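Colleague: I have a model open and a few questions about it. Can we go through it together?

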Amino acid sequence: MSSRCIRFLGKLSLALVLASGLLMPQTVHASESRAPRPPLPHLVRARLGDTPATLAQRYLKDASKGWMIAEYNDKSDFSPGEAVLIPKRAFRLGGLHPDGIQTVPVLVYGEIGGDSRQEQDLSPKDFRAQMKWLAVHGFVALTPQQLVDFMAFSGQLPYQAVLITADTESQSFYKQAVPTLREFGLTATIFIAAGKVGRKDTMTWDQIRQLHREGFSIGCRGRNGRSLLRQKRGQSFQANFNWIASELHQAKQEIEAELGQPCRYLAYPEGRSNGLIAATAAKLGFSAAFNRLPGSTPFFADRFAIHRTRIDHSMKTAQFGKLLTPKIAMDLNR
Amino acid sequence: MKPLEAALAGIVLLCLCGCAGSFEPVSSFFRSGPWWQAAQADELRVRARKWEARNELGMAIEHWRLVQRITADGGEAGREISRLQKTIADAAKTHYQKGITALGKNKSVAARNYFLAALQVNPGYEPALKQIRRRFSPFPFTVYQCVAGDRPATVADKMLGDRQMAFIVTWFNHLPEDRDLTPGSVLILPKWKGTAPPKPREKQAPNWLAEARNRLAENDLEGALAVAREADASDPDVQELIHTLHLRLAAQRIDALELAEAGKFLAAVPDGFEGKQELAADLVATRQHKAVERDLGRARELFDQGLYAQSLDQSEALLNRVPDSRHAAELAAESRYRLALDHYDHQRYLSARAVLVDMEIGHAAGAALKETVHARLIDLAQFHYRNGVKHFINEDLQKAIAEWETALACDPNHAKARENIANARRLQQKLEALP
């Protein structure tokens, strides 16, 4: 009896030692320092068939964050059993790399496949080719909030990121461009002139609400889409300023009432503005505003004068690809 | 006692379940738990050093922290973390100081880049972020602190250059227009010099040249060119900037081996413009280099397909054009060796020897094959020599001469074969001369 008892006690001790051994390596340093530290990445073991997207879905609960895992591990193919690090926070704020900084291209489209032959028109075929190019080359279409977070130095963007915007509320965009964006899983920001919605050949509020539910961002392009730099003949400067403020305020309120959410992004009508209009937009509660000057955006750019490159029928797919080639601009004096 | 042990095992298992939360994490715990994690420490050390080599010190530190967590012995990781923390702190401070110095010299682009470099090594370095925000990240507002006697009109006069702009001061600060302002209170105002109201239908001409130069300073060449094209093309400064941009774009395209594009940009620059001649020479050299690379690629393809004769021809043709191409020489030697080996394997020893005549001296396998082929040909020469003798004994001079000629072909130094051929031919002539 006593020998059995001794054997039992021996097995119990062994079990306890094993259990403590299991837990020890993770806890041994836990009490070293009580100072708050950034969360460490999660070390996991890849399973058969794992991709950055499946890992992101499993550990970050968001498959679209697969790029973070790929960039953190500096690879996108994982073999079963391989050690993979899951980052718990942004690790390249502001897109700062040792060789320079990331700049984000913002594209602006006009009418897609409309009847008019305006300069900014683009055929649905060309638009589809460009969206396909983005999808094939692994570009991630951003929301304006992601761009704002990036510019606030609190967020990180994938290396291949693009913000797709459209200055239109036309029915042809809804019918010709939106299905293409859906097909390639891309999102876009549509800047609408609130006063034009529901008119002939334009989208209805129901359609805009549907786009909003689907994840498209809806921004404001003033009430009538007319340049805010225009001043009527004989109009005083004060009356002109009141018109600008009212044009922006009414459009913002109308969109917010229809969508039930704050409208935070403005595209200056006709892409033109000045310091007073920018300040007025900021005062009215817009988080960012976009013009139509070409160029891409570093994190420290003016949030109320974000440049957008106009894409029209004159741009061939090869040029488009060149425009979108991710680049690390600037020599950081190293 | 056995039921008791089983119960104990169950308790231990339940404890582990409790630690982990559910059965899925339990399986994960056993699959990739602390044992497995500890075994990854070496891999993480390698990754940490790789990030450090790339100058991504923050990433390197995170990896070392992870190593420290998963291993019982955190001594090495602790030392690395301390070292990297010091490196980061020193680098951020140095970059920041250089930025401040550059600001003092009015070199704003250089200053901005130093501050960005400080933030790159340490994103939490607040002084650098503040400098970037304050000096390089425009925001549409400015602030004004009121002094005694201030009213909206006086503030508008001081800040916007026109008393009539008082309505702007009141609108932005929700103030009545005629109120005295409390000294010390802070007003927000648009960062806009509204000295005069914009006139109707009068466009404010943007300073395209300055904007283009800013883009150039940021290395945004396409953007700078697009903006510069909006500027007055008759302005010599604009023309010079456009030519400079064309040159820079051409150089960029040459680096990217997009030579057709580079040629277009270069063609847009007038002859004699500083830097064009050098870049044109560079383009020609790059084109040649690219042609060589292309031909070498084709030769390699042929080699990979086992077409060694064609691969040899291509690489030798390339060597004639570019005698100092090491890759072409290596490919030619390897093609020659493989071709000779192919002949040897198919018992075409004479062909193998012909190919190996020009074999490079330094090619060890080729030299060995050359010796083997030579030895085989000597043996063959002897074989054919003996056959010739047999035919001679049987008085078949024609066949004997043929065999000795084959022997001589195999071994040109075979003196007896040469001598016998001469003797046999003389004998043949005598026999033919007999009536």
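Modeller: Let's start with one residue. Outside the four places on either side in sequence, B:Leu279 is in contact with B:Leu247, B:Ala250, B:Ala251 and B:Leu266.

Colleague: Which helix is B:Leu279 in?

Modeller: B:Leu279 belongs to helix H15 of chain B.

Colleague: And is B:Leu279 buried or exposed?

Modeller: Buried, because 21 other C-beta atoms lie within 10 Å of B:Leu279, and the cut-off for buried is 20 or more.

Colleague: How far apart are B:Leu279 and B:Ile254, in sequence and in space?

Modeller: They are separated by 25 residues in sequence and by 9.0 Å in space, C-alpha to C-alpha.

Colleague: Back to H15(B). How do the axes of H14 and H15 of chain B cross?

Modeller: H14 of chain B covers residues 259-267 and H15 of chain B covers residues 276-304; their axes come within 11 Å and cross at roughly 160°. Angles over 145 degrees count as roughly antiparallel, so that is how H14(B) and H15(B) run relative to each other. The crossing is left-handed.

Colleague: Which residues make that contact?

Modeller: On H14(B), they are B:Leu259, B:Ala262, B:Gly263 and B:Leu266. On H15(B), they are B:Lys276, B:Leu279, B:Ala280, B:Leu283, B:Thr286, B:Arg287 and B:Lys290. B:Leu279 and B:Leu266, already paired above, are both in that list.

Colleague: What classes of residue does the contact of H14(B) with H15(B) have?

Modeller: Six nonpolar, two polar and three charged residues.

Colleague: Another pair, then. What about H17 and H18 of chain B, how do their axes cross?

Modeller: The axes of H17 (residues 326-345) and H18 (residues 349-356) of chain B come within 7 Å, crossing at roughly 165°. H17(B) and H18(B) are therefore roughly antiparallel, and their crossing is left-handed.

Colleague: Which residues are involved there?

Modeller: H17(B) contributes B:Arg336, B:Leu339, B:Ala340, B:His343 and B:Tyr344. H18(B) contributes B:Tyr349, B:Ser351, B:Ala352, B:Val355 and B:Leu356. By class, the contact has seven nonpolar, two polar and one charged residues.

Colleague: Zooming out, how many helices and strands are in chain B?

Modeller: Chain B has 21 helices and two strands. Of its 435 residues, 31% are buried. Taking contacts in chain B with a separation of 6 or more, 42% are between residues 24 or more positions apart.

Colleague: What are the confidence scores like?

Modeller: This is a predicted model, with ipTM 0.83 and pTM 0.63. Chain A has a mean pLDDT of 85, with 84% of its residues at 70 or more. For chain B the mean is 84, and 89% of its residues reach 70 or more.

Colleague: Where in chain B is confidence lowest, and where highest?

Modeller: By element, helix H1 of chain B (residues 2-20) is lowest, with a mean of 57, and helix H20 of chain B (residues 397-410) is highest, at 93. The pLDDT is below 50 over residues 17-22 of chain B, a stretch with six contacts in the model beyond near neighbours in sequence. It is also below 50 over residues 195-202 of chain B, where the corresponding count is eight contacts.

Colleague: Where does pLDDT stay under 50 in chain A?

Modeller: Over residues 20-35 of chain A. The model has 14 contacts for that stretch beyond four places in sequence.

Methods: Residues are numbered from 1 along each chain as its sequence is written. Chains are lettered from A and ligands numbered from 1 in the order in which they are written. This is a predicted model: local features need pLDDT of at least 70, side-chain atom pairs count only at pLDDT 80 or more; totals for chains, interfaces and linings use all residues. Axes are lines fitted to C-alpha atoms, for helices over the stretch in contact, and angles run from 0 to 180 degrees between N-to-C directions. Helices (H or I, at least four residues) and strands (E, at least two) are DSSP runs, numbered from the N terminus. Angles under 35 degrees count as roughly parallel, over 145 as roughly antiparallel, 65 to 115 as roughly perpendicular and the rest as oblique. A crossing is left-handed if the near helix is turned anticlockwise from the far one by less than a right angle, and right-handed if clockwise. Two residues are in contact if their C-beta atoms, placed from the backbone, lie within 7 Å. Ala, Val, Leu, Ile, Met, Phe, Trp, Tyr, Cys and Pro count as nonpolar, Asp, Glu, Lys and Arg as charged, and the others, Gly among them, as polar. pLDDT is the predictor's confidence in each residue, from 0 to 100. A residue is buried if 20 or more other C-beta atoms lie within 10 Å of its own, exposed if 12 or fewer, and partly exposed in between; C-beta atoms are placed from the backbone.
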